[in-house]
Every structure is written in structure tokens, then in C-alpha cells.
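Q: I have a chain open on my screen and want to talk through its layout. Can we go over it?

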Amino acid sequence: MDDMAMDDDKPVNMCACLNRRFSELKKLGSLEAAHAAGAGVECSGCVPYLKLVFETGETEFAIDDPRIPEEDFGQ
Ligand code: FES
């Protein structure tokens, strides 16, 4: 039950366009490699979160994660 609550708090965990989880994309090793695999290319909505994946090593985020600069939304 606690796990479910955590998922609700941090629902952003994948590139929906590519249908691949951040935890998988993280294994590619860099933002550039993830881009090359097609992540963040189609709608680019996941790009601010992908940056955080490779900056922090985390793979789940709140939609309004305070670490994401305002100008990064709506790229
Ligand atoms: S969600 Fe990643 S490109 Fe659209």
C-alpha cells in the first residue's frame, strides 16, 4: 500500500511516446544516448525529467518536480 502511495506522488517514470521506463533509459548511460534511442524526441514532454534522470540517478518524479526550471516546461 505504501508503494502505491509513492507511485501516486511520483507518477512520471517513463517516456510515454517511446513506451520505455526511465529506469531502462538510465542504463543507456547519458541523455544523448537516450535521445539516440528515441526518448524525448516525439513530444519532448519527458525531456526535463530525462535530464533529472541523468543528473540525479532517480527514475520517478512528481509532475511538478521543483528541480525542473520553469523554462524547461513546454519545450
Ligand atoms: S514522452 Fe518522451 S517524447 Fe513524448
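What follows is a short chat about this chain.

Q: Before anything else, what kind of model is this?
A: This is a predicted model, in which local features need pLDDT of at least 70, side-chain atom pairs count only at pLDDT 80 or more, and totals for chains, interfaces and linings use all residues. Residues are numbered from 1 along each chain as its sequence is written.

Q: How many helices and strands are there in the protein chain?
A: The protein chain has 4 helices and 2 strands. Helices (H or I, at least four residues) and strands (E, at least two) are DSSP runs, numbered from the N terminus.

Q: And what pattern do they follow along the sequence?
A: The pattern is α-β-β-α-α-α.

Q: How much of the chain counts as buried?
A: Of its 75 residues, 17% count as buried. A residue is buried if 20 or more other C-beta atoms lie within 10 Å of its own, exposed if 12 or fewer, and partly exposed in between, with C-beta atoms placed from the backbone.

Q: Which residues make up the largest nonpolar core?
A: The largest nonpolar core has 11 residues: Val12, Cys15, Phe22, Leu25, Ala34, Ala39, Cys46, Val47, Tyr49, Val53 and Phe61. Two elements give two or more residues to this core, α2 (22-26) and α4 (47-56). The largest share, 3 residues, comes from α4. By nonpolar core I mean a set of buried Ala, Val, Leu, Ile, Met, Phe, Trp, Tyr and Cys residues joined through C-beta atoms within 7 Å.

Q: Why would residues like that end up together?
A: In soluble globular proteins, nonpolar side chains tend to be buried together.

Q: OK, α4 then. Which of its residues are buried?
A: Val47, Pro48, Tyr49 and Val53 are buried in α4.

Q: What do the buried residues of α4 pack against?
A: They pack against α2.

Q: Take Val53. Why does Val53 count as buried?
A: Val53 is buried because 23 other C-beta atoms lie within 10 Å.

Q: And what does Val53 touch, not counting residues up to four places away in sequence?
A: On that basis Val53 touches Phe22, Leu25, Lys26, Glu58 and Thr59. Touching here means being in contact, that is, having C-beta atoms, placed from the backbone, within 7 Å. For a distance along with that, the C-alpha atoms of Val53 and Ser30 are separated by 9.1 Å, and these two residues are 23 residues apart along the chain.

Q: What about Cys46, what is Cys46 in contact with?
A: Leaving aside its neighbours within four places in sequence, Cys46 is in contact with Cys15, Ala39 and Gly40.

Q: Switching topic. Where is Lys10?
A: Lys10 is in the loop between α1 (2-9) and β1 (14-15). It counts as partly exposed, with 14 C-beta neighbours inside 10 Å.

Q: Which residues is Lys10 in contact with, leaving aside its neighbours within four places in sequence?
A: Those are Glu60, Phe61 and Ala62. Lys10 and Ile63 are 53 residues apart in sequence and 7.0 Å apart in space, C-alpha to C-alpha.

Q: And Ala62, where is Ala62?
A: Ala62 is in the segment after α4. Leaving aside neighbours within four places in sequence, Ala62 is in contact with Asp9 and Lys10. From Ala62 to Pro11 the C-alpha to C-alpha distance is 6.0 Å, with the two 51 residues apart in sequence.

Q: What share of the contacts comes from residues 24 or more positions apart?
A: Such residues account for 48% of the contacts in the protein chain with a separation of 6 or more.

Q: Last topic, backbone angles. Which phi does Asn19 have?
A: Asn19 has a positive phi of about 60 degrees although it is not a glycine. Asn19 lies in the loop between β1 and β2 (20-21), and is exposed, with 8 other C-beta atoms within 10 Å.

Q: And Ser44, what is its phi?
A: Ser44 is not a glycine either, and its phi is positive, about 65 degrees. Ser44 is found in the loop between α3 (31-36) and α4.

Methods: Two residues are in contact if their C-beta atoms, placed from the backbone, lie within 7 Å.
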